[in-house]
Amino acid sequence: MFKTFFIACVVVAAGLCPAVAMSGGLGTILDRSRFPAELIIIRGDLDRFMTESSLSRLERQGLEGRIQSALSGLLWLSQEYETLTKHAVDETFISDAQSLWRDRKLDDLRQLVTISADLYALNLEIFKASRASKQDMERVSEIDTTLCQGCHVLSPGSPSTLPAYRLKEFASTMSSHEFLARLLSGIRGSGETTLANPLTLGDVRGFMRLYRSSLE
Ligand code: HEC
């Protein structure tokens, strides 16, 4: 249920913005990043779930649903990653992670996910904020004002299971790797693009620079 709602939201997002919906997309760069990105997001969601005291009851429920659904989809993503990158993945950690989650052994789960996220690392290099061109910045600033800011207005503590947080504020609470992972996995396209993330490489670099104050 969470997954459907999540995708539905972001489909609306891209549908509202022809500039985003019609741009080139990231193709296999994105497909290769999905598994490493998901591991980083699970770790980040777990951190928030375990430590952030300002969350509302509904936000906690939403995070719980996201972690649950991310762990159930991890095997599929690991297989996609293996096929595309030829890096072998030791899949036993996935069922271990699912059992730890079922038993709510959160510290152990966090440790396991951290080790795996280091092992199957997300490559930040090509997406670095410092690589964004002037044109990238002009384009994403406009998309941000006309589209993203329309929804991303909430702060932690909001009575919603899947709140769209203020992106600059949200980005400042995490590492550049984690924000990149969320940009890559959190945005989906329309039905015509089979829900692929419609952002281009330049868009991702631009958003990394726009929302994060460092050039990492
Ligand atoms: C129609 C409303 C809407 C628009 C427009 C929109 N978003 Fe979102 N976005 C959401 C919602 C709702 C979520 C939360 C989904 C979730 O937590 O699973 C979200 C999630 C995200 C995430 C992932 C956050 C996370 O917790 O992992 C990122 C990153 C993001 N949006 C960036 C953008 C950017 C960049 C734009 C502009 C190109 C944009 N969004 C436009 C509603 C929107």
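**Exposure, backbone and packing**

Modeller: K86 counts as exposed (12 or fewer other C-beta atoms within 10 Å, where 20 or more would be buried and anything in between partly exposed, with C-beta atoms placed from the backbone), because K86 has 7 C-beta neighbours inside 10 Å. This is a predicted model, in which local features need pLDDT of at least 70, side-chain atom pairs count only at pLDDT 80 or more, and totals for chains, interfaces and linings use all residues. Residues are numbered from 1 along each chain as its sequence is written.

Colleague: What is the phi of K86, which is not a glycine?

Modeller: Most residues other than glycine have a negative phi. K86, however, although not a glycine, has a positive phi of about 65°.

Colleague: Is L77 buried or exposed?

Modeller: L77 is found in helix 4, helices being DSSP runs of H or I with at least four residues, numbered from the N terminus. Because L77 has 21 C-beta neighbours inside 10 Å, it counts as buried.

Colleague: At what angle do helix 3 and helix 4 pack?

Modeller: Axes are lines fitted to C-alpha atoms over the stretch in contact, and angles run from 0 to 180 degrees between N-to-C directions. The axes of helix 3 and helix 4 (residues 57-85) are 8 Å apart, and the packing angle is about 150°.

Definitions and conventions: Helices (H or I, at least four residues) and strands (E, at least two) are DSSP runs, numbered from the N terminus.
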